[in-house]
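Colleague: I am new to this structure and would like to know what stands behind the words used for it. Can we go through them one by one?

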Amino acid sequence: MERQSKSDLRINGLGSSSGGTFNYVQINGKGEISGDLNCSELQINGLGSVDGNVKATSVRIAGKSDIGGDLTGERIVIDGLVEIRGKVSAEHLENRGALRISGDCGAESFKSTGGFTIGGLLNSEKIEIEVYASCTAREIGGESVDVRRGRGFGIKDFIDSILPGLTWKKGLSVETIEGDNIFIEDTTAKVVRGSDVRVGTGCSVESVEYKNTFVAAPDAIVKRNRKI
Amino acid sequence: MENDLISKKDLLELTGISYGQLYRWKRKMLIPEDWFVRKSTFTGQETFFPRDKILARVEKIKNMKEESSLDELADILSPSPKDIEITAAELNSGSIVSNAAVELFQDVFGLREHFSFPDILSVYILDKMLASGDISGEEGRVLLSTLEGHLDSFKGQNCDMIFIRKLGTSVCVLVSAPNQISFDKGARIAGRLNVAACIEELKTKLLNGGLANGKTI
């Protein structure tokens, strides 16, 4: 392993930097980085923006952030409100906040208990989504896709109980899902293709194409299914 | 064009690979992004691939993944240059490039002890163009200086090298691919090579020749 004496970048309060290569980068408060950022650890609490591409081994964003380019990292944890205008590639990506990605998102493992909007393809070996909020992707592809209705603390139930008229859009909506092992709940999709497909409660799928097995819950809407 | 494409469904059936594998290979960039062609069909959006290219690539990955890891494969197949260096003697002795090309390279840039990957690539492209008779030795110098000066700026993106001749003057152009490019009537394309394809060929040759192994910096 290379061990260079790279400096740290800390912004507490209001600050800006032109980017570059660092060891540890922390933004508490409001920080603006114009240019590319390369570091081993990036932590943003508060407001942070990076104009260019971000490459970091470990990334944790707990505030509101805006990344103008691509985000590349080994371990990425999102707790806040994050917008990425490029694409994301990671080993492990965990989203507990609200994540918006304009391009594709590739990760060896993708776990989400928050909301997300992915403009392109969500491509991951293992996709686990617990649906508490609105989730959207153009395409989802991978080895195993597991989408479940959120069963934790029901903030939605609470809001529904005091404001029954409010339509709270939640669930996953996606054009196509492709994978070897697929289990979905609360999902609206045009096409679901896979080897073993289970369509659970709250789903509406126009067409399912499967290789081995196909099971649908009684209340799931599946217009067509075809064994190929 | 239609006939040259294969749908993802047909591809999986024909080659016996799974969605998981295909997506994994895509993630590792074993399959270039621009091969994924999205089209609207009556069953919704479907993805198509250039038939010959994808079948050859899948076959290659299937054969090579026995002995190499996916990351090593990605290194061979990706268009970003590899960190290898071989000596002039090894380059001469190998059947990778002809001596004439190496001599021309050394004539332009001076004698060298070691050749880095971009250098070997320049020699390789030069050798291919010379061997096919598309360009003359003098034009080879133009080619080398273009490659030396500008190949870096493509930073691993796919590009084409085009050699144009008009009224006895020759120009070497590097253009990012896939891209359409047109010339006036008097101009003639003397030769065109896809740099990514050259890199892939070269890496495979280096690996097979045992030169890349153990020589990695």
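Modeller: Buried means under 20% relative accessible area, exposed over 50%, and partly exposed in between, with a 1.4 Å probe and protein chains only. This is a predicted model, in which local features need pLDDT of at least 70 and side-chain atom pairs count only at pLDDT 80 or more, while totals for chains, interfaces and linings use all residues. Residues are numbered from 1 along each chain as its sequence is written, chains are lettered from A and ligands numbered from 1 in the order in which they are written, and side-chain values use heavy atoms, with hydrogens and water left out.

Colleague: Why is Glu32(A) called partly exposed?

Modeller: Glu32(A) has a relative accessible area of 41%, which lies between the limits of 20% and 50%, so the middle class applies. Lys30(A), at 35%, is partly exposed as well.

Colleague: What makes Lys30(A) and Glu32(A) a salt bridge?

Modeller: The term needs a side-chain nitrogen of Lys or Arg within 4 Å of a carboxyl oxygen of Asp or Glu. Between the side chains of Lys30(A) and Glu32(A) the N to O distance is 3.1 Å, so the pair meets the rule. Over all chains the count comes to 29 salt bridges.

Colleague: How do you know that Arg60(A) and Asp79(A) link distant parts of the chain?

Modeller: Their closest N and O atoms are 2.9 Å apart, yet the two residues are 19 residues apart in the chain. Arg60(A) is in strand S4 of chain A, and Asp79(A) is in the loop between strand S6 (71-78) and strand S7 (81-84). Strands are DSSP runs (E, at least two residues), as helices are (H or I, at least four), numbered from the N terminus. Arg60(A) is partly exposed at 35%, and Asp79(A) is partly exposed at 25%.

Colleague: What do Asp70(A) and Lys87(A) tie together?

Modeller: Their side chains meet in a salt bridge of 3.4 Å, N to O. Asp70(A) lies in the loop between strand S5 (64-67) and S6, and Lys87(A) in the loop between S7 and strand S8 (88-95), so the pair ties together parts of chain A that are 17 residues apart in sequence. Asp70(A) is partly exposed at 24%, and so is Lys87(A) at 46%.

Colleague: Is Asp51(A) buried or exposed?

Modeller: Asp51(A) is exposed, because its relative accessible area is 53%. Asp51(A) lies in the loop between strand S3 (37-50) and strand S4 (54-61) of chain A. Leaving out residues up to four places away in sequence, Asp51(A) touches Ile33(A), Ser34(A), Gly35(A), Gly68(A) and Gly69(A), where contact means heavy atoms within 4.5 Å.

Colleague: Is Ser195(A) buried or exposed?

Modeller: Ser195(A), in strand S14 of chain A, has a relative accessible area of 12%, so it is buried. Beyond four places in sequence, the residues that Ser195(A) touches include Gly179(A), Asp180(A) and Tyr210(A).

Colleague: What makes the buried residues of helix H1 of chain B lie on the same side?

Modeller: In H1(B) (residues 8-15), Lys8(B), Lys9(B), Leu11(B), Leu12(B) and Thr15(B) are buried. They cover an arc of only 165 degrees around the axis, which puts them on the same side of H1(B); the arc is that of the directions from the helix axis to the C-beta atoms. On the other side of H1(B), Glu13(B) and Leu14(B) are exposed. Just after H1(B), Gly16(B) takes a positive phi of about 75 degrees.

Colleague: How much area do chain A and chain B bury between them?

Modeller: They bury about 1700 Å², 41% of it on carbon and sulfur atoms. Buried area is the accessible area (1.4 Å probe) that two parts lose on being put together, summed over both. Asn123(A), Glu178(A) and Arg193(A) supply 26% of the area that chain A buries against chain B, more than any other three residues. In contact are 25 residues of chain A and 16 residues of chain B.

Colleague: How many salt bridges cross this interface?

Modeller: The rule finds 8 of them. One pairs Arg38(B) with Glu139(A) at 2.7 Å, N to O. Glu178(A), Arg193(A), Glu209(A), Arg226(A), Lys8(B), Lys9(B) and Glu46(B) are linked in a network of salt bridges.
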